[in-house]
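Student: Please take me through one part of this structure in close detail. I would like to see how its side chains pair up.

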Amino acid sequence: MVLRLWVIGAEDAYTGGERLGAHALGGRSHHYASRNADASVDRDLVMSDLSIPRNCDNRVGMEVLASIRFLGPLAASVQGRAVDLGGTRPRTVLAVLLLAEGGYVSVERLLDVLWEEDPPNTARAQVLIHISALRRAFGLDVIETMKGGYRIRRESVWVDGYAALALQERGDAEALSEAMSLWRGPVLACLSCQALAPEVRRWEDLRLGIAQEWAEDRLAAAATLDVIDVLTLLVVENPLIETLRALLMTALWRAGRRAAALEAYQEGRRVLVEELGLEPGQGLREVHEQILAEEPADVRAQPSPAQLPPSTPAFTGRDEQVGVLDLLLERQRRDLPVVVISGVAGVGKSALALHWAHRVAQQYNDGQLFANLYGYDAANRPATAHQILRRFLRALDVPGEEIPADVDECSALYRSLLQGRRMLIVLDNAASADQVRPLLPGSASCFVVVTARRRLEELVADGATAIAVKVMTDRESVQLLSAVIDRPLDAVTAARVGRLCDGLPLALRIVAARLASRPGWSLEEMAGRLSDERSRLDQLSRSTRHVRGTLTLSYEELSAKQRTAFVRLATFSTPAGAAAWLMAALMDCSLREADDLLEELVDAQLLQPYGRDRAGQLRYQCHDLIRLFALEQARAELTPEERKQAYDRVIGALLAVAERTDRQVQGAFTQGLRRGNAPRWLPADIDHMVTDSANWIEAEGLTFSAAVCLAVEMGWDEPAWELISSVELLNMHAGFSPARVAEIETVVEVCRQNGNRHGEAMMLRTLATAFTATDQLGAARTRFEQAAAIVDELDDDFGRAMCHGGLGLVDMLQGNLDDALERLELCRALCEQIGNPTKAADTMARMAGLHLQRDLPDEALRLAKDGLSALPTGDPTTSTVEGNLLRVLAEAAGKLGLHQEALEASTRSVTLARQIGHLLLEALALRSRGEARIALGSPADGLADLQLALQLALRIRDRWVEGRVLLTLAEAEPERAISHLETAATIFAEIGTPVWHERTLTALNAARTRR
């Protein structure tokens, strides 16, 4: 099958022509992103979770709408149409996203690349503008916004670099040839950016590796002439790489160009001597001697891979461990030496292995093999033995098509090739003995070094030597700090810093890096900063054994209260980590006590702080292994009742703060709403807990989701629906993702099973809102009607009002304007009946918007003014409704030619929107103000407003607003009218708004006639 990936304003890629949309029609509007997928997608063809350099796949030949090429000049196209990527900065932004290892790029990284050390005050805004410009240029949402940054949607865009990686991984001759064809010159040619030099070098190294494999395959197949031109160019670009020059010399010699081959050698020798002061290496000299002796070199005869990564700079200490390794090397006789270096994370296992490997590499002249097995790696799954064997066999010159598909056959071939050869093999970050065993050679002439967090006792039982890496001594800590900081240090103070860092090289290097980059800081000041933390436990100065032993030691030295805090925190997991309030809820204590407990656990190295959230709270998280250990203790020590009480307080705190925020933000808007009866909980020092309710709610979004999952798992219907309702009422979401819709449907079922009719109605209404937002209007109508039947049964007038309001919106979107007006009038009457003038005024804003659709601006203007008069005075929580009424008033006034009144109303609306941070309202108000300014003779100011409105619409992914702004821009920019109108027509067709689509087509036909 052919898979077409459509990425248009959504966070996921889908097949076929499924439309994506968003709406904001009067009243309290939300911004949503539609995600509709064809269930018949062949999942085997959709490759996601791509990262560099492993697990890369960008299926070659897959038909996609967009393609990007950076293996040469940066270029892109959509369905064969070249994309104008703009100036240097947007192109640089795209380059950073493409070259990012792991895919994700933070905004801070973009700032560093674009402006290095001195970003302007507008830098973040400029990054947003560049991202939006790239999205507009593609016409597709190829860049996904993530928390604090962005990523290329690698699963839905063909990228030449990712395809090259996949082809290299395949490894056969055809794949290597295809990979070679993807390069059109140096990576990112014509885009000079020093900050990207390391990434560019990495891709250039990939090119050279593929070229070498390809050239070797072609020479082995006697295709000599095929490779001479390619190798000549690569040698010119990389004159110091001897393996490439040796291949070129061999190709020239086999082609009968002996003199040219010898000349290539002399040129290489000259460059090496002049630039490095070195004579050619043994491999290059051997090829030269063979040519002189008229003996054509066998390109595959003696491969000598040298795969060791660089060793850690300023490596110090570890004399004892290095001595053990040296002794094993000296005693190497009949049996294969295998060493397992084990220890806790950050203790320096890999650094020790690589330091020693580089130290003895010359004694293993047949080569060195290296592989990261990714046993413990957040970004990569553990590598399989088969994957590593394939990589090693290619390094040993086995053509890709000759590598066995069976892991046992691969292992046997690998052992055969290493028989009698002196090879050093370093296997880093192993997960288990089973992962390592197939990678062990059978020859005693080899040497294997394995690093692992566990001891891998199975290997030790088979005869491997175990080396446990301990924390550094005071002397070693002082040596490391002195080597990295490179300035005289007081030994006593440096030793104190080492102890405060637990003697872990990783922590010591972080401290040293901070000191090295801040010459104004003294070592004494750093020691003082570390000493300000809560009291440290005795184990910080003791040696570690293995992971569980180390954690047991840490755990046993905690006080009883600290132990309880540690295990309770582990039982409530959230991707956002924990702030102090969560600890307070789990422990039923004050915020101050919770702060102390968290810091004490940090001092015990059982928690790690990882920065402040947008509410200013310090957040903490467990390392994965620590959390597993804590859960073991929790199962043994916490009773079910203790857990339930702790969870009740966590959920109660979320609901209590949400309710508190609701009163602050919405005030009387929810007057008459029937809330649930799940228990609430707050610590005594609540004001210390939440100083900024709105930001607190947003910072805890993932905690709300985790709490919903917990409530569903426990079958707690009341807390589950109240949590989701709190999120929906406060508009905390950025959209209704498929996962969120599924979550709501699950809670509907939980409420139904437990006979919770009120909760079922609330969730059906929320589900209907989600379906409305994602253009599933039939499903939305069904859920609203189901909810309406239940609220009638419960005699819930507020629920009736919300259902009629929702059904009115569905009717508006489907073009049933008379039915919509009837629904909205009923909603307004119910709101007035229950004493909720704010909601009534909000409904009047929506009714006014409906009259604008019916081309009745007089009626719209009257309703907007009546709504403003009906709003309660002196209530700051009515700002959203007031701003929306002013925005509708401005639009109506503009249609009536009252442009000054429109300008004043829209300006007030913009001001209110910015005060409350309502981006969608700001975009709509800017559209109205831009229209008024143009009408009053200020076209430059008006266009500036419209462009900003368009940027905001793209940022919040509201396609209805985007279409509205494009309609106005078509009038303001006649020369671009057709382009604007075509885009708007596509948007309105896709999101299913027939009135706006028909209006846009009329304007488009008129514009084409004028042309």
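Tutor: Start with a definition. Rings of Phe, Tyr and Trp pair if their centres lie within 6.5 Å, and for Trp the six-membered ring is used. Keep in mind that this model is predicted.

Now to the rings. Phe70, Tyr162 and Trp203 form one aromatic cluster. Across the whole structure, a search finds 7 aromatic pairs. Take Phe392 and Tyr414 as our part for a close look. Their ring centres are 5.9 Å apart and their planes meet at 25°. Planes under 30 degrees apart count as stacked, so this pair is stacked. Phe392 belongs to helix 13, residues 385–395. Tyr414 belongs to helix 14, residues 407–418.

Phe392 has 0% relative accessibility, so Phe392 is buried. Tyr414 also has 0%, so Tyr414 is buried too.

Stay with helix 13, which also holds Arg394. Here charge comes in. Side chains of opposite charge can pair when their charged atoms come close. Arg394 forms a salt bridge with Glu213. Their closest N and O atoms are 3.9 Å apart. Glu213 sits in helix 6, residues 197–220. That is 181 residues from Arg394, and this pair too links distant parts of the chain. Both Arg394 and Glu213 are buried.

The structure holds 45 salt bridges. One of them joins Lys644 to Asp648, with the closest N and O atoms 2.8 Å apart. Both residues lie in helix 26, residues 640–665. They are 4 residues apart, about one turn of the helix. Lys644 is partly exposed, because its relative accessibility is 35%.

One more bridge is worth a look. Glu749 pairs with Arg752, and their closest N and O atoms are 3.6 Å apart. Both lie in helix 31, residues 738–753, about one turn of the helix apart. Salt bridges that share partners join Glu749, Arg752, Arg757, Glu760 and Glu793 into one network.

Definitions and conventions:
Residues are numbered from 1 along each chain as its sequence is written. This is a predicted model: local features need pLDDT of at least 70, side-chain atom pairs count only at pLDDT 80 or more; totals for chains, interfaces and linings use all residues. Side-chain values use heavy atoms; hydrogens and water are left out. Rings of Phe, Tyr and Trp (its six-membered ring) pair if their centres lie within 6.5 Å; planes under 30 degrees apart count as stacked, over 60 as edge-to-face and the rest as tilted. Helices (H or I, at least four residues) and strands (E, at least two) are DSSP runs, numbered from the N terminus. Buried means under 20% relative accessible area, exposed over 50%, partly exposed in between (1.4 Å probe, protein chains only). A salt bridge is a side-chain nitrogen of Lys or Arg within 4 Å of a carboxyl oxygen of Asp or Glu.
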